[in-house]
Amino acid sequence: MTQLDGIVKPKTRRSKRFLESRAPKLIEDVKNTMIMKGGNASQTVTTALKDIYSLKKPNAVLYKKKNITRPFEDSTSLEFFSKKSDCSLFLFGSHNKKRPHNFIFGRMFDFHVLDMFELGIEKFISLSQIKTSKFPEGTKPMLIFAGEVFDTDNEYKRLKSLLIDFYRGPTVPAVRLAGLEHVLHFTALEGKIYMRSYRCLLKKSGCRTPRIELEEIGPSFDFVMRRTHLASDDLYKLAHRQPKALKPKKKKNISHDVFGTSFGRVHMQKQDLSKLKTRKMKGLRKRKGEVVKEDQEPKVAKVES
């Protein structure tokens, strides 16, 4: 590939396909996640990163080597790896005396850091510690958020949006009931965030709707929020802007009620009733040469006994 005046021009078909895959699209691909650990990482952080990688596969990249960087002080290294691996989400794990067992969740916009949340691990139960059957790889999870702060506090609102982006997976047009196997539950209570992972079991209930039971499969986390880096309102609004081609066109004279029923309004010109053509019946037609007299008495047939 050659670069002229800031424009990269491909020389081969392979490089052309690569540039086309990285070019902006109306409907973007599935968001990939890069998972890496810092220069110093504990065994708890390493195991937790591998467990989250197993939840995110195949839309994740796991870096096994250590990366000596501090995202809150200098994020250029993360932005470089994000552009290299085409990942818009990242998870960084580290450990030190001041911030033990540390996780940093973040997302990118135009390969620059948009939001970052630093969460400390207070309690962790891995996938291997819970001896139960797991769900298949690539299962799309159901996300549940419990806690008023997710709807009232600005930082928790952004964290909820980030977690939805992080775990939502690909967008699908339809979902079958048997495919709803994985549940991720997030609870915010008294300054802590509890993450639990369940497997959804469909039991017989004697009717058409099955009885649902939840079985904990791990991993399980107890987080405490530490530092945050939030984008400005203007940048956050710019990151959520949609292209005009994807916005649904407004249809005139169509309205919807609270139940989703569509109502249409039809505009018609004023009708001239003098030119209205009605249906003609044979009994009302006049015969040729026949004159109906109003004074003429009707003939009565005489019946002889």
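What follows is a walk through this predicted model, one selection at a time.

Before you click, some housekeeping: residues are numbered from 1 along each chain as its sequence is written, and side-chain values use heavy atoms, with hydrogens and water left out. Because the model is predicted, local features need pLDDT of at least 70 and side-chain atom pairs count only at pLDDT 80 or more, while totals for chains, interfaces and linings use all residues.

**The whole chain**

Show the cartoon: the chain has six helices and 14 strands, taken as DSSP runs (H or I, at least four residues, for helices; E, at least two, for strands) and numbered from the N terminus. Of its 305 residues, 30% count as buried; here buried is under 20% relative accessible area, exposed is over 50%, and partly exposed is in between (1.4 Å probe, protein chains only). A contact means heavy atoms within 4.5 Å. Among contacts in the chain with a separation of 6 or more, 65% are between residues 24 or more positions apart.

**Stop at S220**

Select S220, in strand β12 (residues 220-229). Is S220 buried or exposed? S220 counts as buried because its relative accessibility is 4%. Leaving aside residues up to four places away in sequence, S220 touches K123, F124, I125, M195 and R196. With R196 there is also a side-chain to side-chain polar contact at 2.9 Å. That term covers a pair of N or O atoms within 3.5 Å; within protein, one must be able to donate a hydrogen and the other to accept it, and residues adjacent in sequence count only if both atoms are side-chain atoms.

**Now the rings**

Colour the aromatics: the whole structure holds 14 aromatic pairs. Rings of Phe, Tyr and Trp (its six-membered ring) pair if their centres lie within 6.5 Å; planes under 30 degrees apart are stacked, over 60 edge-to-face, and the rest tilted. Zoom in on F145 and F150, an edge-to-face pair with 5.3 Å between centres and 80° between planes. F150 is buried, at 2% relative accessible area. Then select F103, F105, F124, F145, F150, Y156, F166, Y167, F186, F221 and F223, a cluster linked by ring pairs.

Two arginines are next. The charged end of R158 sits over the ring of Y236, 3.8 Å from the ring centre, and that of R227 sits over the ring of F72, at 4.4 Å. To qualify, NZ of Lys or CZ of Arg must be within 6 Å of the ring centre and within 35 degrees of the ring normal.

Most residues other than glycine have a negative phi, and most peptide bonds are trans. Go on to G218 and P219, where the peptide bond is cis with omega near 0°; P219 lies in the loop between β11 (211-216) and β12.

Finish with two positive phi values. D110, not a glycine, has a phi of about 60° and lies in the loop between β6 (102-109) and β7 (112-125). D110 is exposed, at 57% relative accessibility. N253 also has a positive phi of about 60°, in the loop between α6 (233-239) and β13 (254-256), and at 42% counts as partly exposed.
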